[in-house]
Amino acid sequence: MAAFPTSIGDQLERSSTLSHSNYVALDIMDDGEASTRVLGDDVWVSIRCSFAYLTQADRDTLRAFLITNRAGVITWTIDGVDYSGYFDGGHTESKAGNRYNVSFVYRAKEV
């Protein structure tokens with residue numbers, strides 16, 4: 001288990017979105033009535049993380065962390081909430097002048 005680098009994590013853009021899943025399945029029965037089922041005890045969140053205007057040093061640190069920990073469990077405190085999860089897919093990078101933008105999806109649950 002690895003902790004997300006605090007120096008980089010504090011730069012998470014406010015435009016990053018958190019999509020919560022309650023893992024409830026809705027089944028429509030033959031008579032038209034709805035039946036719901038809870039599929040698990042945990043509530044997961046997919047966070048579309050965006051980091052904008054990073055210096056090259058911060059971009060290099062973040063990129064190395066994403067690659068090194070791509071298959072591991074990551075802990076991260078975001079806005080005072082502790083999460084534990086993993087990176088869902090790869091990451092994207094772009095450059096604006098001498099600054100870098102990096103984005104990825106972090107799928108986690110509150111711990």
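Biologist: Which residue in E8 is the bridge partner of Ser 46?

Modeller: In this predicted model, Arg 107 of E8 is the bridge partner of Ser 46.

Biologist: What makes strand E5 and strand E8 a pair?

Modeller: Two strands pair if there are at least two bridges between them. Strand E5 (residues 44-54) and strand E8 (residues 99-110) have nine bridges, in the antiparallel sense, so they meet the rule.

Biologist: Where do these strands stand in the sheet?

Modeller: The open sheet has six strands in the order E1-E6-E7-E8-E5-E2, with mixed pairing. Strand E1 (2-3) and strand E2 (17-21) each have a single partner strand, so they are called edges: one side of each lacks a neighbour in the sheet.

Biologist: How do you know that Arg 107 lies over the face of Trp 44?

Modeller: The cut-off for the distance to the ring centre is 6 Å, and Arg 107 is at 4.6 Å from that of Trp 44. A second case is Arg 59, whose charged end sits over the ring of Tyr 100, 5.1 Å from its centre.

Biologist: Why is the pair of Phe 51 and Phe 104 called stacked?

Modeller: Ring centres must lie within 6.5 Å for a pair, and planes under 30 degrees apart count as stacked. For Phe 51 and Phe 104 the centres are 5.9 Å apart and the planes are at 15°, so the pair is stacked. Phe 51 belongs to strand E5 and Phe 104 to strand E8, so the pair ties together parts that are 53 residues apart in sequence.

Biologist: Which aromatic cluster holds them?

Modeller: Phe 51 and Phe 104 are in one cluster with Phe 4, Phe 65, Trp 76, Phe 87 and Tyr 106. The count of aromatic pairs comes to 12.

Biologist: Why does Ser 16 count as buried?

Modeller: The relative accessibility of Ser 16 is 10%, and the limit is under 20%, so Ser 16 is buried. Ser 16 is found in the loop between helix H1 (6-9) and E2.

Biologist: What does the side chain of Ser 16 reach?

Modeller: The side chain of Ser 16 reaches the backbone oxygen of Glu 13 at 2.9 Å. With residues up to four places away in sequence not counted, Ser 16 touches Arg 48, Cys 49 and Ser 50.

Conventions: Residues numbered from 1 in each chain as written. Predicted model: local features only at pLDDT ≥ 70, side-chain atom pairs only at ≥ 80, totals over all residues. Heavy atoms only, no water. Helix = DSSP H or I, 4+ residues; strand = E, 2+ residues; numbered from the N terminus. Phe/Tyr/Trp six-rings, centres within 6.5 Å; stacked < 30°, edge-to-face > 60°. Lys NZ or Arg CZ within 6 Å of the ring centre and 35° of its normal. Buried < 20%, exposed > 50% of the residue type's maximum accessible area, 1.4 Å probe, protein only. Polar contact = N/O pair within 3.5 Å; in protein donor to acceptor, adjacent residues only side chain to side chain. Contact = heavy atoms within 4.5 Å.
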